[in-house]
Amino acid sequence: MGTIWPMLLFGLLLGMKHATEPDHVIAVSTIASRTKKLSLSSLAGMFWGIGHTLTLLVVGMAMIAFERQIPEQIASYLEMGVGIMIVILGIASFRSTMRLDHHHQGDIHHLHVKSTLIGIVHGLAGSAGMVLLTMTTVKGTWMALAFILIFGLGTVIGMMLFTTFLGIPFVWMKAKQQVMNQWIVKTVSLISIAYGVYYMYHIAAEI
């Protein structure tokens with residue numbers, strides 16, 4: 001039992017670090033930067049973590065139960081899907097700044113759904129690595145389940161912290177300088193588009 005807790009702590013810290021990987025941060029930034037309240041920005045990170053964890057749990061445990069690995073080519077195509085998603089999110093975020101009032105109530109209602117879907121896509125792309133990490137770190141189905149869950153908790157905490165800090169300047173600027181805020185959102189959107197294109201190019205070069 002003495003070796004279990006350090007292992008789970010390792011999974012928690014690794015999950016928090018995993019949440020702040022560039023493709024995760026850029027994708028969620030396009031959502032969090034458009035929120036009007038800090039609480040909504042924090043919740044965007046939480047729901048991303050939930051979607052990410054659910055996918056890792058379902059796919060990861062299925063692969064571990066059948067003692068299979070996700071084929072490398074399929075994993076590459078899933079990663080390509082992340083790049084496409086990042087570009088689409090960037091375009092959608094940029095287009096939102098072109099409307100006079102882009103904070104419709106419907107956008108707020110769908111914020112958590114969008115964040116969860118982003119997390120699911122990232123979870124699918126990261127499931128191959130998660131299976132390999134789990135199988136080389138712990139032994140036994142129950143330990144694998146515990147490790148993935150604690151890893152997922154780490155991603156929820158990590159992304160919530162990130163989106164909370166990210167949301168502070170955006171919420172402040174919305175109250176002070178609407179024009180400046182829109183320019184920063186446009187910058188975040190363009191960075192997302194550029195990074196998504198680079199990400200797809202990088203993955204395509206490896207296929």
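Which backbone oxygen lies 2.6 Å from a polar atom of the side chain of Thr30? Here's a walk through this predicted model, starting from that residue.

## Thr30 and its surroundings

The backbone oxygen belongs to Ala27. Thr30 itself sits in helix H2, which covers residues 22-32. Is Thr30 buried or exposed? With a relative accessible area of 1%, Thr30 counts as buried, because the cut-off for that label is under 20%.

What else does Thr30 touch, once you skip its neighbours within four places in sequence? The contacts are Leu89, Gly90, Ser93, Val188 and Ser192.

## The largest nonpolar core

The largest nonpolar core has 22 residues, and the members touching the most others are Ala27, Ile31, Trp48, Ile86, Leu89 and Ile118.

H4 gives the most, with six residues. As background, nonpolar side chains tend to be buried together in soluble globular proteins.

Take Ile86 as a close-up: leaving out residues up to four places away in sequence, Ile86 touches Asp23, Ile26, Ala27, Ser192, Tyr195 and Gly196. Ser192 is also on the contact list of Thr30.

## A second core

There's a separate core too, made of 11 residues. Among them are Leu56, Met130, Ile148 and Phe151.

Helix H1 runs over residues 4-19, 16 residues in total. From first C-alpha to last, H1 reaches 23 Å, close to the 22 Å expected at 1.5 Å a residue.

Which residues of H1 are buried? The set is Met7, Leu8, Gly11, Leu12, Gly15, His18 and Ala19. Looking down the axis of H1, these buried residues fall within an arc of 140°, so they line one face of the helix. Turned away from that buried side, the other face of H1 carries the exposed residues Trp5 and Lys17.

Note on methods. Residues numbered from 1 in each chain as written. Predicted model: local features only at pLDDT ≥ 70, side-chain atom pairs only at ≥ 80, totals over all residues. Heavy atoms only, no water. Helix = DSSP H or I, 4+ residues; strand = E, 2+ residues; numbered from the N terminus. Buried < 20%, exposed > 50% of the residue type's maximum accessible area, 1.4 Å probe, protein only. Polar contact = N/O pair within 3.5 Å; in protein donor to acceptor, adjacent residues only side chain to side chain. Contact = heavy atoms within 4.5 Å. Expected span 1.5 Å × (residues − 1). Arc of directions from axis to C-beta. Core = buried A, V, L, I, M, F, W, Y, C linked by side-chain atoms within 4.5 Å.
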